[in-house]
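Please look over the sequence and structure shown here before reading on.

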Protein chains: 2
Amino acid sequence: MTYCVALKLNAGLVLLSDTRTNAGLDNISTYRKMFFFEEPGERVIAMMTAGSLSVTQTTISRLQEAIESPESTERTSIMKAQTMLGVVDIIGDTLAKTRREIAMQCSDLKQSQSSASIIVAGQREGGDMRLFLIYPEGNHIEATEDTPYLQIGEHKYGKPILDRVVTPATSLEDAQKAALLSMDSTMKSNLSVGMPLDLAVIEEGACRVSAKRRILKGDPQFSAMSVAWSEALREAFVEMPL
Amino acid sequence: MTYCVALKLNAGLVLLSDTRTNAGLDNISTYRKMFFFEEPGERVIAMMTAGSLSVTQTTISRLQEAIESPESTERTSIMKAQTMLGVVDIIGDTLAKTRREIAMQCSDLKQSQSSASIIVAGQREGGDMRLFLIYPEGNHIEATEDTPYLQIGEHKYGKPILDRVVTPATSLEDAQKAALLSMDSTMKSNLSVGMPLDLAVIEEGACRVSAKRRILKGDPQFSAMSVAWSEALREAFVEMPL
């Protein structure tokens with residue numbers, strides 16, 4: 001399983017992903033699920049993936065190959081596309097094509113086993129920050145003012161905290177806190193979501209990754225936060241009238 | 001959808017269920033999902049149901065019919081069974097048989113559409129309080145000291161709060177609070193879980209329903225609690241260090 005969450009605030013984008021992949025409970029590995037394509041100052045594209053590792057890795061590799069190809073155009077390379085909508089269309093097409101191919105090769109795979117989805121966040125110079133969720137079929141939805149965050153993977157445990165505290169006016173610092181607490185709740189309830197975590201911040205207008213952090217197991221700052229949150233919840237609970 | 005949760009504390013049992021059923025988003029009704037079979041002082045059995053309404057209603061009706069039958073025995077009537085394990089076996093068998101019959105009648109139903117599960121809680125005079133979850137196939141699991149609660153239906157949104165505050169030593173009052181906050185989180189995230197709510201308390205050793213309460217939409221006490229919890233979470237969030 002996987003949990004990835006991205007928030008689009010007035011001040012910028014915040015992305016957080018776990019790194020655990022599993023094929024059954026006895027086959028657990030660590031794989032990065034957050035990827036950056038960047039020409040600092042001109043464009044920044046961040047992606048987070050969930051679902052079949054075979055599908056998502058192949059999709060990322062093909063996007064990379066298309067960028068490096070001498071024949072790349074604005075219709076094939078996400079580094080040349082004129083808009084973020086163009087970027088998301090290329091990624092969606094590549095994902096859907098990869099999925100179909102892998103599903104055909106492995107005709108005994110259940111449909112869900114070759115499923116995958118991708119969160120895409122980014123900005124081009126002169127354009128707006130945008131945040132998309134691409135479905136396995138290649139179509140997408142976009143985050144709006146009303147719902148300024150998108151999730152993929154095991155999204156339910158970590159949703160209540162986001163609904164309660166996140167609005168577009170939330171600061172980048174508070175948004176990182178909210179994302180980390182959302183991840184903390186998810187990891188407490190689903191063992192197949194696990195450390196280390198990848199956290200990234202993209203400030204509005206910067207068109208580059210402003211901050212990147214890998215949070216390892218036992219990270220003192222994250223552990224302290226997790227404990228403090230549990231304490232705060234328990235205290236609030238005790239003081240709550242029935 | 002449905003959300004039902006039951007907690008087994010040293011002091012007794014606490015049960016909470018919603019009442020919303022839906023067949024599609026445009027066909028929503030209110031049905032009770034909490035049922036009692038009681039001979040006060042001798043035995044109390046509480047049940048909560050999730051899944052196909054056709055399956056759960058038929059199951060409850062058949063259990064009732066078996067109780068009223070002049071030929072009822074300790075193998076067919078949950079009011080005559082010698083132990084809570086006997087009770088749960090009768091309910092499991094009735095559920096599994098009902099499901100199979102309905103699935104056969106409607107061969108174009110998907111398997112999941114005739115699925116249903118039941119939480120059973122209760123005590124017989126001289127026996128222990130017990131809390132079970134019966135799966136659609138009729139088998140069951142039981143709540144233990146390690147995990148003193150069981151959930152059916154839309155269980156994910158409301159799980160983090162239970163994990164943080166509930167232990168067997170939790171008081172009946174705090175357990176009601178925890179169940180109601182767990183329900184509140186669930187209703188905020190899943191519209192197909194909805195008011196009114198049914199709340200019941202069975203004190204240890206009483207072998208009767210000690211308290212029963214229907215909480216209607218707009219209930220001032222529940223609304224105040226929901227608002228106070230949101231406030232407390234937001235305050236805790238603001239004061240949390242990153």
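**Interface and cavities of chains A and B**

A:Arg164 and B:Asp184 are joined through their side chains by a salt bridge, 4.0 Å from N to O; the term covers a side-chain nitrogen of Lys or Arg within 4 Å of a carboxyl oxygen of Asp or Glu. This is a predicted model, in which local features need pLDDT of at least 70 and side-chain atom pairs count only at pLDDT 80 or more, while totals for chains, interfaces and linings use all residues. Residues are numbered from 1 along each chain as its sequence is written, chains are lettered from A and ligands numbered from 1 in the order in which they are written, and side-chain values use heavy atoms, with hydrogens and water left out.

**Polar links between the chains**

- Four salt bridges are counted between chain B and chain A.
- There are 16 residue pairs in polar contact between chain B and chain A, both residues at pLDDT 80 or more; such a contact is a pair of N or O atoms within 3.5 Å, where within protein one must be able to donate a hydrogen and the other to accept it, and residues adjacent in sequence count only if both atoms are side-chain atoms.
- On the side of chain B that touches chain A, α3 (159-165), α4 (172-189) and α5 (220-239) each supply at least two residues; helices are DSSP runs of H or I with at least four residues, strands are E runs of at least two, and both are numbered from the N terminus.
- That side of chain B divides into 17 nonpolar, six polar and 11 charged residues.

**Extent of the interface**

- Contact (heavy atoms within 4.5 Å) links 34 residues of chain B with 34 residues of chain A.
- The two chains bury about 3,300 Å² between them, 67% of it on carbon and sulfur atoms; this is the accessible area (1.4 Å probe) lost on putting the two parts together, summed over both.
- In chain B, the most area is lost to chain A by B:Arg164, B:Phe237 and B:Leu242, together 29% of what that side buries.

**Cavities**

- The structure holds two cavities of 30 Å³ or more; a cavity is a set of points, on a 1 Å grid over the protein atoms alone, where a 1.4 Å probe fits but cannot get out, and lining residues have an atom within 4 Å of a point.
- The largest cavity has a volume of about 200 Å³, a volume being the space filled by probe spheres set on the points, which are joined across faces, edges and corners.
- Of its 14 lining residues, A:Pro160, A:Ser185, A:Leu233, B:Pro160 and B:Leu233 are the closest to its centre.
- The second largest cavity, of about 30 Å³, has A:Leu242 and B:Arg213 among its lining residues.
- α5(B) gives the most to the lining of this second cavity, with three residues.

Key
Ala, Val, Leu, Ile, Met, Phe, Trp, Tyr, Cys and Pro count as nonpolar, Asp, Glu, Lys and Arg as charged, and the others, Gly among them, as polar. On a 1 Å grid over the protein atoms alone, a cavity is a set of points where a 1.4 Å probe fits but cannot get out, and a pocket is an open set with protein on both sides within 12 Å along at least five of seven lines; lining residues have an atom within 4 Å of a point.
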